[in-house]
Amino acid sequence: MSSELRPGAGVAVVVPTRNRPDTCPATVLSLVEARTAGCELVVVDQSDDDATMQALAAQDLLKQIRYVRSAGRGASAARNEGIKLTAAELLLFTDDDCVVAPDWVNAWRNAMDADPLVEIAFGAVRNPGDDGAGEGGED
């Protein structure tokens, strides 16, 4: 992969989840709202049951994402599995208990496009309702 993204190059957001039916739907909904053209949302579910899948289905989110059940364990294994499912040039990751800002995908794309030498970056994490100074849930 070249450091500079092609115009219109694909973006994929990978979300590992395990036993989070109470938080994962809010994460996915925020990603659906932040998604841009050419952005794929991949949820890798390592849950012990189908409660997370049912929670996503109850909010009509399954048809808007690539959802895969996985027998693997661990967020890293889920991220790696999600990477294998996409050919996107820009990979973004967030956790299943985070809610992203509406411009999150565009902000990352713009940041990565701004400097072709940058190949990896990390962002601030804030709790909802914070004044921006704290850490906790991802924005």
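How many bridges join E1 to strand E2 (residues 39–45)? Seven bridges join the two strands, which run parallel. The legends below go through the views in turn.

This is a predicted model, in which local features need pLDDT of at least 70, side-chain atom pairs count only at pLDDT 80 or more, and totals for chains, interfaces and linings use all residues. Residues are numbered from 1 along each chain as its sequence is written, and side-chain values use heavy atoms, with hydrogens and water left out.

**View 1. The protein chain has four helices and four strands.**
Helices (H or I, at least four residues) and strands (E, at least two) are DSSP runs, numbered from the N terminus. Along the sequence, the elements of the protein chain follow the pattern β-α-β-α-β-α-β-α. Of the 139 residues in the protein chain, 36% are buried. Here buried means under 20% relative accessible area, exposed means over 50%, and partly exposed lies in between (1.4 Å probe, protein chains only).

**View 2. Four strands form an open sheet in the order E3-E2-E1-E4.**
The pairing in this sheet is parallel; two strands pair if DSSP finds at least two bridges between them. Strand E3 (66–69) and E4 are the edge strands, and each pairs on one side only. From one strand to the next, the twist averages 20°.

**View 3. Strand E1 (residues 11–17) is mostly covered.**
Seven of the seven residues of E1 are buried. Val11, Val13, Val15 and Thr17 point one way from E1, while Ala12, Val14 and Pro16 point the other way. In a regular strand the side chains alternate between the two faces of the sheet.

**View 4. E1 pairs with E2 and with strand E4 (residues 90–93).**
In E2, alanine 12 has glutamate 40 as its bridge partner. The chain passes from E1 through helix H1 (residues 24–34) to E2, and this β-α-β crossover is right-handed. A crossover is right-handed if, with the strands pointing away from the viewer, the path from the first strand over the helix to the second runs clockwise. E1 and E4 pair in the parallel sense over four bridges. In E4, the bridge partner of valine 13 is leucine 92.

**View 5. E2 is largely enclosed by the rest of the structure, because six of its seven residues are buried.**
Threonine 17 has its bridge partner in E2, namely aspartate 45. E2 is also joined to E3 by four bridges, and these two strands run parallel. In E3, tyrosine 67 is the bridge partner of valine 43. Between E2 and E3 the chain crosses through H2, and this β-α-β crossover is right-handed.

**View 6. Glutamate 40 is found in strand E2.**
Is glutamate 40 buried or partly exposed? With a relative accessible area of 24%, glutamate 40 is partly exposed. Glutamate 40 and arginine 66 are 26 residues apart in sequence, and their C-alpha atoms are 7.5 Å apart in space.

**View 7. The axes of H1 and helix H2 (residues 51–58) come within 9 Å.**
The axes are lines fitted to C-alpha atoms, for helices over the stretch in contact, and angles run from 0 to 180 degrees between N-to-C directions. The two axes cross at roughly 45°, and H1 and H2 are therefore oblique to each other. Angles under 35 degrees count as roughly parallel, over 145 as roughly antiparallel, 65 to 115 as roughly perpendicular and the rest as oblique. The crossing of H1 and H2 is right-handed. A crossing is left-handed if the near helix is turned anticlockwise from the far one by less than a right angle, and right-handed if clockwise.

**View 8. Alanine 26 has its place in helix H1.**
Alanine 26 counts as partly exposed, at 39% relative accessibility. Alanine 26 and leucine 56 are 30 residues apart in sequence and 9.0 Å apart in space, C-alpha to C-alpha.

**View 9. Cysteine 24 and cysteine 39 are buried.**
Cysteine 24 has a relative accessible area of 0%, and cysteine 39 has 10% relative accessibility. A search of the whole structure finds zero disulfides, where a disulfide is a pair of cysteine sulfur atoms within 2.5 Å.
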